[in-house]
Amino acid sequence: MSFFSTRGGACATTSQAILWGLAKDGGLFVPSMFPKIPLDRLALLEGKSYQEQAARVLRDYMEDYSIAEIEEAVNAAYSADAWDDPAIAPVRRLTEDSFVLELFHGPTLAFKDIALKLLPHTIRQAAQKNDEQREVSILVATSGDTGKAALEGFKDVPGTSCSVFYPYGGVSRVQELQMVTTGGDNTHVIGVKGNFDDAQTGVKKLFGSEAFHQKMNAQGKLPSSANSINFGRLAPQIVYYFTTYTDLVSRNLIRMGQEINFVVPTGNFGDILAGYYAKRMGLPIRRLICASNRNNVLTDFFETGTYYTHRTFFKTMSPSMDILVSSNLERLLYEYADRDPAVVKGWMQQLKECGSFSIGAQRLEEIRKTFWADYADDTMTAEEIRRVHERYSYVMDPHTAVASRALQNYRLKTGDRAPAVILATASPYKFSEDVLASLLGKEAVAGMDAFACAEKLQEISGVPIPKQVSQLGQLPIRHKTVCEVEGMEEALLGELK
Ligand SMILES: *Cc1c(COP(=O)(O)O)cnc(C)c1O
């Protein structure tokens, strides 16, 4: 197995793709082929633990890792103490033919934990394989969620450190507390007096600065990134499509070989792309339903074949999907361009210069055999949270509700009643104000803070408040550094000393 760049310029081993993150020509690393897991092999996964299934699914992609290394990484990432459900990604039954895959039982209550708990281990191993003696120093700019997931993933992993920049005063109180109370000797959190774009631009500048690389090198550090275009973040997400399928089979809810649908709340297109990779590996998936919020650039793309980014950006109650340029789409385009990097490069060039590109009617028709897309604005999302709770006594977070709504529409418009799995990407307790307001009305929550809303939500749902939320108020603040936008490098170097 080797890795190609979607733009044609590079070839790498798996460990290099994970260590480098992005190809040098600006493209994304894609596997040279999709290893197959045919049904007879799939049947062997039935009844196995999440960790065992993960090791099996990842093995064929991670050719320059030994089986022992993969098992070590997987067992460390998915150890019982970090997850509040032994199944790691449990599947709940909502109706006869609808299921919810709960991906929020990790340390930060969102699905990014699944990948960010594993990545630090595969990065550390990749550094060893490539004779990288320096400490791998992860830099992250966050609008709230990714920062905490990265901190929890890299916390106390030997040979690594993790530094997060967040917009000071620009994240929710819960998000800020989650970050600044993080433990571990290798974690750093810096508030930037600016907005998220300032923080992100600042981090990008650091990556592009030769002087910064030299200073880091002098400290024995290699700067690296943990954002979602790293193949090391994508691969762990393929796993739960398999574990969901084998789980449904072993509970006799589907037959081995029966096609099912997955509905995915989508932002950067990483999660749903992992589902596409699972399908290419042979998992019986009929349709992947791409659910967006009001920032519905992907809905339009799957409708028209034109990706168009010159549009208004909306802030919604599903903020992790507030995104107009879905980076991982490039990997899908590469497949539908018959793996011709010149074609992908052309589209990316047009996107950069004109803010849009079109893939043509024939390719669109092909894509639509597998993908279907829909969106829900905040009003529809709130309605769906209420509807699902009234009917099934199940409380969804806003991201999950967007997907649930898309499934309703999909079934209405297509008549396809294949069993469907909704990916639940965050715990409702992460968004307790919006969830409670959806259930009871805005007036009912006026003046209540996130903790009061969580208490009330516990009463209504009967699901206990996760300790990550309830203990947040009592944890000591460990990170207090705040800097100006111009002072990010200095603040970081000071922290890392
Ligand atoms: C990141 C995130 C998403 C979007 O996932 P992508 O892989 O970026 O498409 C959806 N929901 C939640 C809660 C997230 O944190």
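The 497 residues of the protein chain set an expectation for its overall extent: a compact globule of that length would have a radius of gyration near 23 Å, and because the chain has 22 Å, the value agrees with that expectation. The coordinates come from a predicted model, and this should be kept in mind for everything that follows. Along its principal axes the C-alpha trace spans about 60 × 55 × 50 Å, and the chain is made up of elements that include 23 helices and 16 strands.

From the side chain of Lys112, a polar atom lies 2.5 Å from a ligand oxygen atom, while a polar backbone atom of Gly267 is 2.7 Å from an oxygen atom of the ligand. Phe269 also takes part through its backbone, where an N or O atom lies 3.0 Å from a ligand oxygen atom. How much of the ligand's accessible area does the protein cover? On its own the ligand has 380 Å² of accessible area, and the protein covers 96% of it.

Among the open spaces of the model, the second largest pocket holds about 620 Å³ of space. Its lining comprises 27 residues, and Pro107, Lys148, Glu152, Lys155 and Gln468 are those that lie nearest the centre of this pocket. Two elements give two or more residues to the lining of the second largest pocket, namely helix H7, which runs over 145-154, and helix H22, which runs over 467-470. Of these, H7 gives the most, with 3 residues. The lining of this pocket has 8 nonpolar, 10 polar and 9 charged residues.

The model also holds 2 cavities of 30 Å³ or more. For the largest cavity, the volume is about 50 Å³, and the residues that line this space are Ile18, Leu58, Met62, Leu118, Thr122, Phe231, Gly232, Ala235 and Pro236. Helix H11, covering residues 231-250, gives the most to the lining of the largest cavity, with 4 residues. What classes of residue make up the lining of the largest cavity? By class, that lining has 7 nonpolar and 2 polar residues, with no charged residues.

The second largest cavity holds about 40 Å³ of space. Its lining is formed by Thr266, Gly267, Ser292, Asn293, Asn295, Val297, Leu298, Met321, Ile323 and Ser326, and by class it has 4 nonpolar, 6 polar and no charged residues.

Technical notes:
Residues numbered from 1 in each chain as written. Predicted model: local features only at pLDDT ≥ 70, side-chain atom pairs only at ≥ 80, totals over all residues. Heavy atoms only, no water. Polar contact = N/O pair within 3.5 Å; in protein donor to acceptor, adjacent residues only side chain to side chain. Areas by Shrake-Rupley, 256 points an atom, 1.4 Å probe, with all protein chains shown as cover. 1 Å grid on protein atoms, 1.4 Å probe; cavity = no way out; pocket = protein on both sides within 12 Å on 5 of 7 lines; lining within 4 Å. Points joined across faces, edges and corners; volume = space filled by probe spheres on them. Nonpolar A, V, L, I, M, F, W, Y, C, P; charged D, E, K, R; others polar. Rg over C-alpha atoms; globule rule 2.2 N^0.38 Å.
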